[in-house]
Amino acid sequence: MKKRHNVRIILFCTLNTHKLDMSKLLGGQIGLDDFIFVHRKGRPKEIEIEKSDDALGLTITDNGAGYSFIKRIKEGSIIDRIEYIQVGDHIEKINDESMVGRRHFEVAKHLKEIPRNSLFTLRLVEPLKAGFCNIESRSSSRRGKKVSYGTGKETLRFKSNGSVQIENAPNSIVQVGIDSINQLLENFLGINDDELATQIWETADGKLNSMEFADAIDNSDLEELGFTDDFIIELWGVITDARAGRLVRR
C-alpha cells in the first residue's frame, strides 16, 4: 500500500519557489509549467501584543481556502519589533476568536477594530522550516500534444466559488485603477492589498454609477468590510478617473 500524506499538516503551497514568498502563494495564479512547493504546519505560537499605534504594520493575504497569512511586515512597525512574528505565519486566532474560514480583509478589519493601547493575543502557526516537497510540473499532454490555455499572457484566476476562468493580464488602465484603490485602502484600513483592490475593481465592472457599485458591494463578501457611503463614492471616483485615463501610474 502507498503511504498517504495527511493533508491537514499542509499549511500552504507556493509556486516556483521553496521560500516563504507570500506573493507566490497558491490560490491566485497558476500556469501550466509551474512547480508547486508544499509548506507544512510547524509550531503554533501565541503572542500578546499591545496595540500602541493605530496600524500594526501587517499586510495579510489568504489562500482562498480559509487560511490567512502574514504577507508583509512594515519596517519599524509594532509587528516588526516582535521577532517571533514572521512572514508566512498563519493567523489562526485573534484572542479567542478563530480566523479560520475568513478572508484576508476580514482578518485585517478585525485587527483594525482592536482599540488603541489595548492588549490582544495572536495565535499563529508558523510554516515548518524546510518543510516542502517538489510535487511536479503542471505541464500536461494529451495524445502527444501539449494542452493550450491561451497565449501565455493570460492568467488562470481561481474564484472563491471554486470556478476558474482565464483572464488577460491587467492593462495599464486597470493597473492604475487597482493602484489607486490600494492607496485608498491603505488610508481606510491601514493595509496595502493587491488582491482586495483587484476584487473591488472587478466588482465595479459593468457598473454605470456609484449606486450600482454600492449595491454590488452590498451583495458581495466586501459588505463585511463596512465601507461607508463616502468611502464608496471615493472608490467610485478613482475607478471612473482610471477608466477615463485621467490617472497616471506612479
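Modeller: The mean pLDDT of this predicted chain is 75, and 72% of its residues reach 70 or more. Residues 1–7 have pLDDT below 50. That stretch has zero contacts in the model beyond near neighbours in sequence. Residues 130–166 also stay under 50. For them the model has 69 contacts beyond four places in sequence.

Now the helix pair. Helix α2 covers residues 172–189, and helix α5 covers residues 229–243. Their axes come within 8 Å. They cross at roughly 160 degrees. An angle over 145 degrees counts as roughly antiparallel, so α2 and α5 are roughly antiparallel to each other. The crossing of the two helices is right-handed.

Which residues of α2 and α5 meet? From α2 come Ile-173, Gly-177, Ser-180, Ile-181, Leu-184, Leu-185 and Phe-188. From α5 come Phe-231, Glu-234, Leu-235, Val-238, Ile-239, Ala-242 and Arg-243. By class, that contact has ten nonpolar, two polar and two charged residues. Gly-177 and Ser-180 lie on the α2 side of the contact. Glu-234 and Arg-243 lie on the α5 side.

For context, there is also a strand pair. Strand β3 (residues 58–62) and strand β4 (residues 68–73) run antiparallel, joined by five bridges. Leu-58 stands opposite Ile-73 in β4. The hairpin has five residues between its strands, and Gly-64 takes a positive phi near 75 degrees there.

Technical notes: Residues numbered from 1 in each chain as written. Predicted model: local features only at pLDDT ≥ 70, side-chain atom pairs only at ≥ 80, totals over all residues. Heavy atoms only, no water. Pairing = 2+ DSSP bridges. Helix = DSSP H or I, 4+ residues; strand = E, 2+ residues; numbered from the N terminus. Axes fitted to C-alpha atoms, helices over the stretch in contact; angles between N-to-C directions. Parallel < 35°, antiparallel > 145°, perpendicular 65-115°, else oblique. Left-handed = near helix turned anticlockwise from the far one by under 90°. Contact = heavy atoms within 4.5 Å. Nonpolar A, V, L, I, M, F, W, Y, C, P; charged D, E, K, R; others polar. pLDDT = per-residue confidence, 0-100.
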